[in-house]
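The entries follow the order in which I looked things up.

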Amino acid sequence: MTPVTERDVFLLRDALGPLRDREQIAARLLDSSAKHSFDPDKELDWDSPPEDGKWHWPPELVSLYDTPLWRRMSEEQRLDLARHEAASLASLGIWFEIILMQLLVRHIYDRPVTSDHVRYALTEIADECRHSMMFGRMIKWSGAPDYPVPRVYHNLARVLKTVSTTPGSFAATLLGEEILDWMQRLTFPDERIQPLVRGVTRIHVVEEARHVRYAREELRRQMVTAPRWERELTRLSCGEAARVFSVCFINPRVYENVGLDRREAVAQVKASRHRAEIMQSGAKRLTDFFDDIGVLNGVGRRLWKSSGLLA
């Protein structure tokens with residue numbers, strides 16, 4: 001079989017239709033970046049104190065929402081748990097973005113440095129640098145601690161960053177971006193939420209839309225052109241990444257830090273139908289896309305189901 005060349009890619013199709021030219025996509029994304037990019041240090045009022053009675057995260061998205069434990073909690077304790085969970089998710093976001101930046105650098109390492117495709121990747125890396133600093137500053141502003149992922153997963157990510165293939169990298173990228181993006185789209189228009197948190201999520205949603213487009217188009221291309229072994233590895237690694245993501249999504253230390261029994265809280269979250277529906281709703285747009293392009297075939301689908309992100 002004759003290998004597929006870069007010039008041939010735009011002639012190929014997948015279940016979603018013809019593949020688009022890399023340079024055309026990158027040119028559009030660069031134009032959007034020039035028009036709709038933000039400097040969080042200047043855009044947001046970091047000197048404003050948190051407002052009394054306002055949430056740091058929508059209550060419906062808090063892990064314990066609508067559980068027996070939630071119903072026993074005072075309103076003050078619920079607000080405090082939302083503050084800690086917002087810090088936990090921001091910590092997770094920083095971890096993912098640091099991984100993503102390294103994966104993007106590996107992706108462009110052997111590509112033409114004058115191409116718009118590489119130029120946009122570098123633009124995205126700059127965006128992610130600002131996002132990570134913004135999330136870190138938001139955690140500090142909230143008065144909550146940072147919540148690193150468990151050491152075992154922190155170290156497993158070292159392996160991912162070193163050996164991940166191109167389609168595996170973009171599949172993991174989308175996993176880290178799209179579920180949080182879905183939640184943030186519910187957060188920034190919500191007037192119950194702290195104004196600064198709304199500003200942070202608004203900036204992230206606007207800029208992340210470009211990152212998702214770039215990753216989706218590149219993953220489609222890779223799933224068409226990669227050899228069979230690499231596609232199979234992507235299905236396996238993406239399923240395992242979904243499992244890790246679901247485990248790390250909320251650091252259980254948040255429960256202890258608001259005076260709850262950690263074991264009881266974790267058990268109620270696992271048993272919560274509402275929580276399962278929230279996570280699956282947040283992942284649905286992504287899992288539909290993965291299904292269309294063949295990422296959820298075979299063992300990949302079983303792993304996703306075991307993660308709780310796929311019904």
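I began with the term on which the first entry rests: a residue is buried if its relative accessible area is under 20%. The model is predicted, and I read every entry below with that in mind.

Entry 1, a loop glycine. I looked up Gly-294 and found it in the loop between α13 (273–293) and α14 (299–307). Setting aside neighbours within four places in sequence, I listed Met-223 and Arg-235 as the contacts of Gly-294. I also checked Thr-234: its C-alpha is 10.0 Å from that of Gly-294, and the two are 60 residues apart in sequence.

I recorded 88 residues in the largest nonpolar core, where Leu-64, Leu-219, Phe-249, Phe-290 and Trp-304 have the most contacts inside it. Helix α5 (residues 75–108) supplies the largest share of this core, with 17 residues. I then took up Phe-290; beyond its neighbours within four places in sequence, its contacts include Ala-171, Leu-174, Leu-219, Cys-238 and Trp-304. Val-295 and Leu-296 are also among the contacts of Phe-290.

I noted nine aromatic pairs in the structure. Trp-95, Phe-96, Phe-245 and Phe-249 are linked by ring pairs into a cluster.

I found the charged end of Arg-216 over the ring of Phe-289, 4.2 Å from its centre. The charged end of Arg-202 sits over the ring of Phe-38, at 5.3 Å from the ring centre.

Conventions: Residues numbered from 1 in each chain as written. Predicted model: local features only at pLDDT ≥ 70, side-chain atom pairs only at ≥ 80, totals over all residues. Heavy atoms only, no water. Core = buried A, V, L, I, M, F, W, Y, C linked by side-chain atoms within 4.5 Å. Buried < 20%, exposed > 50% of the residue type's maximum accessible area, 1.4 Å probe, protein only. Helix = DSSP H or I, 4+ residues; strand = E, 2+ residues; numbered from the N terminus. Contact = heavy atoms within 4.5 Å. Phe/Tyr/Trp six-rings, centres within 6.5 Å; stacked < 30°, edge-to-face > 60°. Lys NZ or Arg CZ within 6 Å of the ring centre and 35° of its normal.
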